[in-house]
Amino acid sequence: MNKRSIGSIYEQKAAVYLESRGVKILERNFRCRTGEVDLIAKDGKYLVFIEVKYRLDRGSGSAAEAVSHKKQRVISRVADYYLVSHCKKEDTPCRFDVVTFDGEKACWYQDAFAYCPKY
């Protein structure tokens, strides 16, 4: 299997994991010219932008460590686009979460990082 197909499997596992905890998945693999977000969901009052990361082992670090500041900026830009393109209000409460899989163990980091301004 290639990285894309493995990523799709773990994005599906993350969606099932989150749904079992009451999160409503709105979008999967939302793309725009700025980048891509694995999952967009609704959790209570929050619109949540979710990055999913998988690592077979910790040889190259944990899955959580793979969400770099650069990736956080990309996700923030995609969130901006999503909010505008879906006519969401400026004051829509948003959160940036990460779901990781180190091996098969899922871990959900709510509010994993803050919005990264453009500059």
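## Ser76 and its surroundings

Leaving aside neighbours within four places in sequence, Ser76 is in contact with Phe96, Phe113, Tyr115 and Cys116. In this predicted model, Ser76 belongs to helix 2, which covers residues 69-85, and its relative accessible area is 0%. Because the cut-off for a buried residue is under 20% relative accessible area, Ser76 counts as buried.

## Helix 1 and its buried face

Helix 1 runs over residues 3-19, and its 17 residues reach 24 Å from the first C-alpha to the last, close to the 24 Å expected at 1.5 Å a residue. Its buried residues are Tyr10, Glu11, Ala14, Ala15, Tyr17 and Leu18. Seen down the helix axis, the buried residues of helix 1 fall within an arc of 160°, so they line one face of the helix. An α-helix has 3.6 residues a turn, so residues three or four places apart point the same way.

The cover over the buried residues of helix 1 includes strand 1 (24-32), strand 2 (35-43) and strand 3 (46-55), together with strand 4 (94-102) and strand 5 (105-109).

## The largest pocket

The largest pocket has a volume of about 440 Å³. It is lined by 16 residues, of which Lys3, Ile6, Gly7, Glu11 and Val52 are the closest to its centre. Helix 1, strand 1, strand 2 and strand 3 are the elements that each give two or more residues to this lining, and the largest share, 7 residues, comes from helix 1.

By residue class, the lining of the largest pocket divides into 9 charged, 4 nonpolar and 3 polar residues. Glu11, one of the residues closest to the pocket centre, is also among the buried residues of helix 1.

Key: Residues numbered from 1 in each chain as written. Predicted model: local features only at pLDDT ≥ 70, side-chain atom pairs only at ≥ 80, totals over all residues. Heavy atoms only, no water. Helix = DSSP H or I, 4+ residues; strand = E, 2+ residues; numbered from the N terminus. Expected span 1.5 Å × (residues − 1). Buried < 20%, exposed > 50% of the residue type's maximum accessible area, 1.4 Å probe, protein only. Arc of directions from axis to C-beta. Contact = heavy atoms within 4.5 Å. 1 Å grid on protein atoms, 1.4 Å probe; cavity = no way out; pocket = protein on both sides within 12 Å on 5 of 7 lines; lining within 4 Å. Points joined across faces, edges and corners; volume = space filled by probe spheres on them. Nonpolar A, V, L, I, M, F, W, Y, C, P; charged D, E, K, R; others polar.
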